[in-house]
Amino acid sequence: MDEITAISVIDGRYRKLTEELSEIFSEFGLIKFRVHVEINWLKFLLKELKLSEINDSEIKLIDSINENFKIEDAKKIKDIEKITNHDVKAVEYFIKNKLSDMGLDRIKEWVHFSCTSEDISNASYAIMLKMGQEKIITILEKLLEKLESIALQYKSVSMMSRTHGQPASPTTMGKEFINFAWRLSDEIKCLKNIEVQAKINGATGNYNAHYFVFPEIDWISASKKFLHDYLGLSPVLFTTQINPYSYISKLLHSMTRISSIVIDLNRDMWGYISFGYFIQKIKEGEVGSSTMPHKVNPIDFENSEGNLGLSIPMMEHLAVKLLNSRFQRDLTDSTVLRNIGSIFGYFLIGIKNCMRGLNKIEINNKKIEEDLSENLELLAEPIQTAMRMFGEPDPYEKLKALTRGKKITMDELAIFIESLSLVPNAFKEKMKNLRVDKYMGLAEQLIDTYFAEKN
């Protein structure tokens, strides 16, 4: 595909960011996984259940259909689909034709044996989603590693907080990054624990055809063994014609929460850059504005926010929609599942651009220090807390009168402290020596705690 003619930005403008997904979530990927499932089901019937005689050399021939599957083979299946108007049946006919060409006509009717199309498709999507799950866990762990690295780098850099957009008790820049690291780490654990499930139990989930022709076989145990041993998936037994898709809902809800966390990070980074707390590295030749030459815009964080914002409603829709089906099956799941690649595409673009933005920032200590030094009223909190401890009357109200909506000086603060009648002189000196950039509580220790608990 020529990227400039692509309708979707995933396959066009952002192709380089998403190309690793193309063989997983494309039409080719779906067809390839269907062939993989059909071939493995055939082998399982012949080797494990011994429904027909087969030798090792013939197994190798069967395996070659799967192992040597190429784009050209997928195109042949699409040509067959033009006649059948049924995508899974086209895969079945393709495999049967291959077996005939290999002189294996005697086993070709075991292809798709007792299966409904959804047995093949749900397992194919499960393989697809398991691979997608692994891909996004890998990129999220890189993002987590980056956040942890920045947190350690800026562990002791005091910074004025903002609550309601107004100056608030100081933190450290490292602590703010470790907050995001902890949130992301927690979600990665959830993501890793989601088992990808599949079913292979026939037209309405009861092994009707299987049991009718081979009642002596324990089909429940057999299906579990096939899904686990041959496809690497967790079996789900209690279904209609379709997989209930609970695992997809869990996966997408986890990805939704991760998207929201990273959007939160993007917005904070956008704000810190606008305050001047971070400077963005300049790349030769880049332009920030078509009319304002001075601009260096936080475009990577904005791009990340936008793409993750696109993925969230799609994930929310599929996470809810896929749990619903009329009676034993309708086709609404089929059409929405074909959009799963778009979700992963927007998600991956968002995560990668956030990473790109983080790799371009440099801290501006001067600006951070200026904000701290210009907001001495932040010391109202510790001083009124100490006054409470020593029993000074109306501590909150007195500090409110002194500082609310005002800028004060260290001299004014010292005079106020000296006027306190119940605070011991030794503690007054401690209060006078307090500096905004040193009033950061246990921020540094919390970063140490994060890494200690992680290890």
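**Notes on the predicted model**

1. K50 counts as exposed, because its relative accessibility is 64% and the cut-off for exposed is over 50%. This is a predicted model. K50 sits in the loop that joins α3 (27-48) to α4 (56-67). Its phi is near 55°, a positive value in a residue other than glycine. Most residues other than glycine have a negative phi.

2. Y207 also has a positive phi, near 60°, and it too is a residue other than glycine. Is Y207 buried or exposed? Y207 counts as buried, because its relative accessibility is 8% and buried means under 20%. Y207 is placed in the loop between β3 (197-198) and α9 (208-213).

3. The crossing of α3 past α4 is left-handed. From α3, the contact uses V35, H36, I39, N40, L42, K43, L46 and K47; from α4, it uses I59, I62, D63, I65 and N66. By type, these residues are seven nonpolar, three polar and three charged.

4. The largest nonpolar core holds 136 residues. M173, F177, M255, F278, F344 and L358 have the most contacts inside it. Helix α7 (residues 117-153) gives the most to this core, with 16 residues.

5. What does L358 touch, leaving aside neighbours within four places in sequence? L358 is in contact with L143, K146, L147, I150, F177, L265, M269 and F301. One of these, F177, is itself among the core residues with the most contacts.

Note on methods:
Residues are numbered from 1 along each chain as its sequence is written. This is a predicted model: local features need pLDDT of at least 70, side-chain atom pairs count only at pLDDT 80 or more; totals for chains, interfaces and linings use all residues. Side-chain values use heavy atoms; hydrogens and water are left out. Helices (H or I, at least four residues) and strands (E, at least two) are DSSP runs, numbered from the N terminus. Buried means under 20% relative accessible area, exposed over 50%, partly exposed in between (1.4 Å probe, protein chains only). A nonpolar core is a set of buried Ala, Val, Leu, Ile, Met, Phe, Trp, Tyr and Cys residues joined through side-chain atoms within 4.5 Å. Contact means heavy atoms within 4.5 Å. A crossing is left-handed if the near helix is turned anticlockwise from the far one by less than a right angle, and right-handed if clockwise. Ala, Val, Leu, Ile, Met, Phe, Trp, Tyr, Cys and Pro count as nonpolar, Asp, Glu, Lys and Arg as charged, and the others, Gly among them, as polar.
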